[in-house]
Amino acid sequence: MKRRHLLLASTAAPALGGLSAPAWSQRGFDQPPEPGPAAAPPVPTVSSTALPNGLRLSVLEQPAAARVALRLRVPGGWWRETAGREGLAELCLSMLSQGARRGDEVMDSADLAFAGDQLGRPLRQFLSGGGAELALEALPDQADDAFNLLADLASAPTLTFEALEHQRERAQDALALLRAGAQDLAPWIARRQFWGKSVPVASRAGLQRLKRADVQDFHRQHWRPEKAHLVVCGPLGFAAARDLAMDCFADWRGAKGAASAGTAATAAAPPASAWMLPLAGATGSGCRLLLQTALPRSAPPATRALARVLLLQRLAARQPWPWESGIEAGPGPASPAAWRLSLTLPPAAVAEQLAWLREQLPRLAAEPVTADDLALAQALALGEWQRALERTPDESLSAAIAAGELEDWVQWPQRLRGVSAPVLQLALGACWQEGRIHALLVGELPPADTLARAWPGLAAATMRAVIGE
Amino acid sequence: MLPAMSASASTAAPGTAQIQTLPNGLQWLARRVPGSQAAVRVAYRVGARDDPPGRAGLSHLVLRALSAGASRYLEAGRFQRLLAQAGGSGGVQPDEDFSALDTLVPAHQLERVLWAEAERMSNPLLDEAALTLALAQLRQAHQQALMPPYARLEQAAVRQGYLLHPYQRGALGDPDQLADVGPAELKAFHAAHFRCDRALLVVSGEFDAEQLARWVQHHFGSIRPPLPGAGPSPSATLATSAPSPVASPTPQSPGPAPAPPASPNAAPSSGSAPPVQEPRRPQSQTVRLALPRLPLPAAALVWQAPPAGDPQALHWQMAHALLGRGRSGRLTDTLVDEQGLAHQLSLRLVQHQQGGLLIAQGLGARGQSAAPLAEALKREVLRLPDEPISPEEFDKARALLRRAWQAREATPEALARTLSESWIRRGDPLAASTDLAALEPPAANRGAAQAGLTSEAVQQLWRRLVVPAPVLTLLCDAGGAA
């Protein structure tokens, strides 16, 4: 039995004046085979404890993994910056790797960089609204080096004047870069569009005003053991990880007299708006298109994930574009989360796409969720989780802990199965309603009149108005 | 009854990285990665370098059209839905040397994906609708790549880094050159290049080896081989042989690099266009680029580098690691942390099948200008042979490389990618694994001793091949001043 091969058809087609030879029928190939029996999804076992100094430790033992991954997270993200101190969280995080003490020994930035690289993967630092993270990796026989290095960085940074000046200049350069590229800039504007001006955004002048004492205060407030969570994943048992954590972190004490950390402001979402911000000199670089809607925080994580993947599927079935979709938490428990869709397009394609989205996005979200839709969304969300568990377990686990969703993360397959089609439809339908979608265009824009027709109310914004400088 | 294996097929057990050949010429290999997922990758030995003149991106366009998955038994969109129902994902990788289709699914869905992949390999529907969709996606991918403020500097480094080779066109192509491509041209290019006997099927992840062999035989073995004479067009052929301008002679026998040794896993050469000969850059050159409103000055330095199969590729990789990998690489350590001249630095060692480039790129700190940055960057790159490499520094670079290369085999999709790239670029899918073994210290294994991977050998290579070599310097000052 032979498949009728297109090569035959396509090779012959030009000679036959473009006529394609018909493929002949074959039994056995016209339908996909049934899938085999699915293996039971893994049940990750996370063991947790707290050290006497309050540092929480969570360990996901993965005996088959080649390396041990460590992540230390504190809630010192940009939502914790106060007015006039924007950029402080990032500056503080970046200064941790510029110098640290171990006993009487002082390690400078070169020593710390070398020590991290020796482990095989450079130190990584992550900042979000909700927190700041340090991440390291090591072979099992170097795990103690990784624990030690992480403890030095978090608990004993030198935070010197020289480091401040060096990192301040780098932060100012990074700010200039951020504002020149639509892809990096757009999320910041989108945050202000969604949560209002309470979203801290660093400025050059603001960075210039920051003093060493500000950084030290911020570190004292947020880089404290009782606020930190250490996540360990890899071929390291719980007892071994706990012993290492005790050896390396037990002496970490939060500085006395630290000012109250305060709480992040609660931001209510402003009414839906539509902004366009052309970037000077962006010719040829394309237009970044973002759409946002509020996602009630009451929606459980599994429901949110199912809604996100199902909407992406519906978009993909109708559009050729590779949409990116993400959900970002707001500053406080009462703040709505922002569900964001984003895409880069050639300017010529933007107006038509925008008009289509304005009309179709509410319809896509309101479509009934069938049993097939639910099964598809469950399969996708389960696949995403399994891949994250195998590829980047530390990142995935740390994010779940930070969001207060560890229980959901561990029981993800059951949680997904527990969502019904009506519940999913309710959650999806509550989002992306007409009049509740924020639209944002950044970069190289098509003529304003075509955009105004595509999305009435689209208003020109300026960098000064949305970023403040 | 299953078709018999061809006489040239290996007798090695499936599940190893030994290539099997089906009677229709399709090659395949499989390798297990423990876990819940399985990756399927179909890589065709046709890439951007094979695009006809004036049609840069045609191979990418065909790849996009194929990825839509419409075929005789798969109506438009069903491939993607089948993948989604399986909880999987899919993608494409256009490249200068090859074109690849990727899928990743939970392991129990593997046979369905093999069926679907065989279906889009054998019966793709390359009609007007598929073409329109593919062109829209190609335009979007092209636009996305141009969005970062310094994208055009990176583009210029490749375009001007190669003097003649079609690699200078990059992997994505030019949508404007494809606007008037019709279905007939698409089909003709597909028929000539995207043939089963020019493809490698890689399966990696969780599977039963014997069952997989049966599935591959059943779904792919039944694909009809191409008709005689339906060979690739020699459009990209500019010469009949291609000694690299910087091929590394062995220390014992100076001269052009020998061909890689024949291997049972070697990619067949029949049907391939002869390689293009990239001439040696005659002299150093400096070009100022006027890019609008850049926030920081930038410079890129481009040296010619040997192809991926060069016998001293490992030494090049080690030099690259010493200079550019990690937070403590020499470039960052000196120019960013110590001197504060640069805001950000990168060093890329691009090694294709027929040639490569070493690209050092830096963004200057505020207040700097491009020319002094370029000078400092060049000085630091060329200083590698002069500054002693301590055993600790060498071990650190080795650790960074080891981790990066382990990651290439750690997940099903990464391993599938690595195996196919090694097969296409280096003629042996196992070449990457061999690198990893050769990386270990000489005392630990024979491979390293054979490879001669010592700090002295790395410095010697740099002294011989990079220090005296002409370099292309690209300068962009902040604000677009040229």
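At 0% relative accessibility, Trp432(A) counts as buried (under 20% relative accessible area, with exposed over 50% and partly exposed in between, using a 1.4 Å probe and protein chains only). In this predicted model, Trp432(A) belongs to the loop between helix 16 (421–430) and strand 13 (438–443) of chain A. Its phi is positive, near 55°, in a residue other than glycine.

Leu159(A) also counts as buried, at 5% relative accessibility. Leu159(A) sits in the loop between helix 4 and helix 5 (161–180) of chain A and, although not a glycine, has a positive phi of about 45°. Most residues other than glycine have a negative phi.

## Packing of helices 4 and 9

Helix 4 (residues 143–155) and helix 9 (residues 238–249) of chain A pack with their axes 9 Å apart, at an angle of about 40°. The crossing of the two helices is right-handed (the near helix is turned clockwise from the far one by less than a right angle).

From helix 4 of chain A, the contact (heavy atoms within 4.5 Å) includes Phe147(A) and Leu150(A), and from helix 9 of chain A it includes Leu244(A) and Phe249(A). The residues of this contact divide into nine nonpolar, one polar and one charged.

## Basis of the model

Local features need pLDDT of at least 70 and side-chain atom pairs pLDDT 80 or more, whereas totals for chains, interfaces and linings use all residues; side-chain values use heavy atoms, without hydrogens and water. Residues are numbered from 1 along each chain as its sequence is written, and chains are lettered from A and ligands numbered from 1 in the order in which they are written.

Definitions and conventions: Axes fitted to C-alpha atoms, helices over the stretch in contact; angles between N-to-C directions. Helix = DSSP H or I, 4+ residues; strand = E, 2+ residues; numbered from the N terminus. Nonpolar A, V, L, I, M, F, W, Y, C, P; charged D, E, K, R; others polar.
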